[in-house]
Amino acid sequence: MKVTVSRKAYFNAAHRLYIKQWSEEKNLNIFGKCSNPNFHGHNYEIIVHVKGKVDELTGIVIDLKYLKQIIKHEIEDLLDHKNLNLEIKYFKEVVPTAENICIFIWNTLRKKIDNNKHLSVTLFETPRNFVKYSGN
Ligand code: NI
């Protein structure tokens, strides 16, 4: 039997959405307020979902202490209170939209979770706007 285990985490970060080659006006048209040249912050919330077989002996899918630890070390410690555009190497080349941040988090955590478990990540940029990535 397979069960999905989920854990929530939070980080605050600043970003600016823009394409260098575009004019200010075009950036503003496409990205709206998120293109403000002086950056702005979001209180991001993530939910990490791990789906896998319930171990017959222990009754667990994944050790939640381990899940908590990797989210803290790999994601929160890296992204919390950062300017994503300026301080996170990955986002020097990639626009830090909710979609791309979610993919980044998924790729980072995927390396730390057994391949026999299915991983998805939900990222809330605001309480009403959120994205989900499951790896394809
Ligand atoms: Ni924004």
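Mentor: The four donor atoms around the nickel ion subtend angles of 95 to 128°, so the arrangement is tetrahedral. Four donors count as tetrahedral if all angles lie between 85 and 135 degrees. Keep in mind that this is a predicted model: local features need pLDDT of at least 70, side-chain atom pairs count only at pLDDT 80 or more, and totals for chains, interfaces and linings use all residues. Residues are numbered from 1 along each chain as its sequence is written, and side-chain values use heavy atoms, with hydrogens and water left out.

Trainee: Which residues coordinate the nickel ion?
Mentor: His-15 (NE2), Cys-34 (SG), His-40 (NE2) and His-42 (NE2), at 2.0 to 2.1 Å. Donors are N, O and S atoms within 2.8 Å of the metal (3.2 Å for Na, K and Ca); water is not among the atoms, so sites may look incomplete.

Trainee: How are the donor residues spaced in sequence?
Mentor: The pattern is H-x18-C-x5-H-x1-H.

Trainee: Is His-42 buried or exposed?
Mentor: Buried, because its relative accessibility is 13%. Buried means under 20% relative accessible area, exposed over 50%, partly exposed in between (1.4 Å probe, protein chains only).

Trainee: What does Phe-11 touch?
Mentor: Leaving out residues up to four places away in sequence, its partners include His-42, Tyr-44, Ile-46, Ile-105 and Leu-123. Contact means heavy atoms within 4.5 Å.

Trainee: And which residues touch the most other members of the largest nonpolar core?
Mentor: Phe-11 again, with Ile-46, Ile-105, Leu-109 and Leu-123, out of 31 residues in that core. Helix H5 (98-110) is among the elements that supply at least two residues each. H5 gives the most, with seven residues. A nonpolar core is a set of buried Ala, Val, Leu, Ile, Met, Phe, Trp, Tyr and Cys residues joined through side-chain atoms within 4.5 Å.

Trainee: New topic. How many helices and strands are there?
Mentor: Five helices and five strands. Along the sequence they run β-α-β-α-β-α-α-α-β-β. Helices (H or I, at least four residues) and strands (E, at least two) are DSSP runs, numbered from the N terminus.

How values were computed:
Tetrahedral: all angles 85-135°; square planar, octahedral: opposite > 155°, others 65-115°.
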